[in-house]
Amino acid sequence: MHRIQNKIREIPGWGIDSCSPQEKEGMERAATERKQQNHWERPQQQIQMVEVLKSMERPALPTVFGQESPPWGMNGALRRYAFEFSESRYRHWLLLLASDRIGSLEKLANEALNGKFPNLLKEYGAAALWKHDRKRFLAGTIIRIAALSVAVAAIRQLIRRK
């Protein structure tokens with residue numbers, strides 16, 4: 001512990017409150033000079049060609065942003081809803097996580113409709129999991145089957161009520 005405390009004292013600027021006013025002034029002047037030396041010009045604002053979701057904490061668009069995959073479908077609707085909440089709320093992040101999962105399902109459905117059937121077992125590493133960790137593979141399979149059964153039962157109940 002004593003060695004750590006000695007090393008902490010070697011950090012430049014450590015204990016600035018305990019130094020003399022002249023030393024403190026010199027440290028602050030050096031910091032200001034460093035800031036002036038690191039001056040840079042803001043890049044030109046990127047032109048927005050598609051919908052870009054932005055946080056309520058930062059109302060302006062960042063200078064550069066991604067436009068490759070704009071929000072679409074149910075995934076996009078959930079993302080738009082998530083951005084109605086502050087980034088400091090769990091709701092914001094949980095909705096974004098859910099929209100990612102829905103987006104991957106939408107992509108799979110889109111590919112299937114276009115005649116491209118992905119090899120899900122290979123893409124999700126099922127063969128490797130079966131080879132190296134069968135217990136985990138079987139546990140995951142049982143959980144997925146149970147979740148799918150519950151979802152199908154819930155959908156059937158909704159259909160019957162109508």
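Arginine 80 and glutamate 51 join their side chains in a salt bridge, with N and O 2.9 Å apart; the term stands for a side-chain nitrogen of Lys or Arg within 4 Å of a carboxyl oxygen of Asp or Glu. Arginine 80 belongs to helix α3 (residues 73-82) and glutamate 51 to the loop between α2 (21-37) and α3, so the contact ties together parts that are 29 residues apart in sequence. Helices here are DSSP runs (H or I, at least four residues), numbered from the N terminus, as are strands (E, at least two). Arginine 80 counts as partly exposed because its relative accessibility is 33%, and glutamate 51 counts as partly exposed too, at 37%. The cut-offs behind such labels are simple: buried is under 20% relative accessible area, exposed is over 50%, and partly exposed is in between (1.4 Å probe, protein chains only).

All of this comes from a predicted model, in which local features need pLDDT of at least 70 and side-chain atom pairs count only at pLDDT 80 or more, while totals for chains, interfaces and linings use all residues. Residues are numbered from 1 along each chain as its sequence is written, and side-chain values use heavy atoms, with hydrogens and water left out.

How much trust does the predictor place in the chain? The score is pLDDT, the predictor's confidence in each residue, from 0 to 100. The chain has a mean pLDDT of 83, and 86% of its residues reach 70 or more. Confidence is lowest in helix α1 (residues 2-9), with a mean of 65, and highest in α3, with 92.

Aspartate 100 is partly exposed at 35% relative accessibility, and arginine 79 is partly exposed at 21%. Another salt bridge brings lysine 107 and glutamate 111 together at 4.0 Å, N to O. Both of these residues sit in helix α4, 4 residues apart, or about one turn of the helix. Glutamate 111 counts as buried, because its relative accessibility is 17%.

Next come the rings. The structure holds 2 aromatic pairs, meaning rings of Phe, Tyr and Trp (its six-membered ring) with centres within 6.5 Å; planes under 30 degrees apart are stacked, over 60 edge-to-face and the rest tilted. Tyrosine 81 and phenylalanine 85 make an edge-to-face pair, 5.1 Å centre to centre with 90 degrees between the planes. Tyrosine 81 is partly exposed at 38%, whereas phenylalanine 85 counts as buried at 17%. Tryptophan 130 and phenylalanine 137 are also edge-to-face, at 5.3 Å and 75 degrees. Tryptophan 130 is partly exposed, at 35%, and so is phenylalanine 137, at 22%.
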